[in-house]
Every structure is written in C-alpha cells, then in structure tokens.
Amino acid sequence: VAELLKPVRDFTGGSGPHDDITLTIYTCTDLSSLKRDNPVTPIPFSVASNLGPDELRQGDAVQHFIDLICSQLGLSWVRSDLSTIITELYSNALEHGVLGIDSSIKQFSEGFIEYYTLRARRLASLRSGLITLNANFEPKTRTLTISVKDSGNGFKLEDIPDANTEIAYGRGIMMLKEL
C-alpha cells in the first residue's frame with residue numbers, strides 16, 4: 001500500500017488529497033487450481049454431432065455443442081477455453097475444408113471483405129459437405145478430448161508454416177497449440 005501511495009503523495013506535493021483514497025489488496029487463487037479442485041461428473045461421456053449443409057448454414061451449432069458439454073457437472077469452468085478452441089476448429093473446418101476458401105485472400109485489407117463475401121456466398125449455396133464434432137470426457141483423468149473433422153481435402157499439420165505475426169491470417173493453429 002505504501003508503494004502505491006508514494007506516487008500519489010509525490011503528485012500532490014505533500015499536501016493531502018482533496019478526497020478519500022481507498023486501496024484494497026486481494027490475494028487471488030490461480031484459476032487453474034480451482035478448475036482442478038472443482039468436482040466433475042463421475043460418468044464418462046461422449047457427444048458427437050454430424051452437421052450437414054442445413055446445420056452449417058444455421059450458424060449456431062457450435063454454441064449448442066458447447067452447451068451440451070458444459071451442462072455436465074464441473075465442465076462449465078472450461079467454457080471460455082472450450083468455446084475458443086471449438087470455434088477455431090469449426091471455422092477452419094467450415095471455411096477451408098468444406099467451403100475451400102484460401103486464407104491468403106486476406107493479405108490485403110480489402111481481402112477480408114472478399115473472404116467473408118465469398119464465405120457467405122458459398123455457404124448459402126452449399127449442397128453437400130459435413131463437419132463432425134466429437135467430445136469425449138474421461139472423469140478418472142479429467143480429460144476432455146475434442147475432435148473436429150470435415151469432408152474437405154484435408155492437410156498435413158507439419159506442412160503448415162509457423163505463424164507469421166506480420167500477416168493478418170494464419171494464426172489459428174498457433175493459438176490452438178497455446179490453448
């Protein structure tokens with residue numbers, strides 16, 4: 001507290017403040033330890049969903065899938081990370097796998113508009129394609145395994161270059177590895 005008040009006293013030139021100053025210090029517990037200690041469902045489970053063109057056009061399938069997983073005891077703690085991970089996997093599966101759009105279109109600022117216009121057009125006319133979402137939970141090891149598969153041509157993960165922070169696309173795999 002003294003360390004925080006020193007700059008205030010220096011700023012006021014030694015004269016007292018014209019109003020009250022209140023400081024509170026909290027010692028917080030690391031949230032990851034709370035996740036580990038939180039009780040979880042004792043029942044192993046698997047959830048799978050096959051999304052065809054109609055479901056892919058609806059746009060909210062990922063949220064419903066996450067809701068299914070997080071409705072289980074103790075798994076609401078992972079909702080934020082899970083939402084980021086599944087949304088990124090799903091977006092990649094939809095945009096690159098099913099719709100076949102190349103991210104290099106986003107090299108230039110006007111490319112983002114072109115990319116998302118192309119995405120909307122291809123999604124609206126989609127007649128075939130499939131994305132399969134899978135989640136498996138093992139309570140003994142507290143392991144939640146997520147997989148997202150699409151009907152596209154696929155790619156080899158080792159062929160994906162490391163993310164380049166100078167370009168405005170291509171960082172999804174790096175983000176997934178971090179999470």
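How many of the 179 residues of the chain count as buried? The share comes to 27%, where buried means under 20% relative accessible area, exposed over 50%, and partly exposed in between (1.4 Å probe, protein chains only). The model is predicted, so to speak of local features takes pLDDT of at least 70, side-chain atom pairs count only at pLDDT 80 or more, and totals for chains, interfaces and linings use all residues. Residues are numbered from 1 along each chain as its sequence is written, and side-chain values use heavy atoms, with hydrogens and water left out.

Seven helices and three strands make up the secondary structure; helices (H or I, at least four residues) and strands (E, at least two) are DSSP runs numbered from the N terminus. Read from that end, the order is α-α-β-α-α-α-α-β-β-α. Taking contacts as heavy atoms within 4.5 Å, 61% of those with a separation of 6 or more join residues 24 or more positions apart. The chain has an accessible surface of about 12300 Å², and carbon and sulfur atoms hold 53% of that (Shrake-Rupley method, 1.4 Å probe; for residues, only the protein chains shown count as cover).

Now for the inside. The largest nonpolar core has 28 residues, a core being a set of buried Ala, Val, Leu, Ile, Met, Phe, Trp, Tyr and Cys residues joined through side-chain atoms within 4.5 Å. L56, I69, Y90, L94 and I131 touch the most other members. At least two residues each come from β1 (45-51), α4 (61-70), α5 (79-98), α6 (109-124) and β2. Leaving aside residues up to four places away in sequence, I131 touches S49, N50, L51, L56, Y90, A93, L94, V98, V148, K149 and D150.

Helix α1 is another story. One of its eleven residues is buried, leaving α1 hardly covered. V8 sits in this helix (residues 2-12) and is partly exposed, at 33% relative accessible area. Together with V1, L4, I21, L23 and I25, V8 forms a nonpolar surface patch with about 520 Å² of accessible area. Patches take residues with over 30% relative accessible area and no salt bridge, joining like charges within 9 Å and nonpolar side chains (Val, Leu, Ile, Met, Phe, Trp, Tyr) within 5 Å; a salt bridge puts a side-chain nitrogen of Lys or Arg within 4 Å of a carboxyl oxygen of Asp or Glu. After α1 comes G13, with a positive phi near 70°.

A positive phi also turns up at R142, about 55°, although R142 is not a glycine. R142 lies in the loop between β2 (131-138) and β3 (143-150) and is partly exposed, with 36% relative accessibility.
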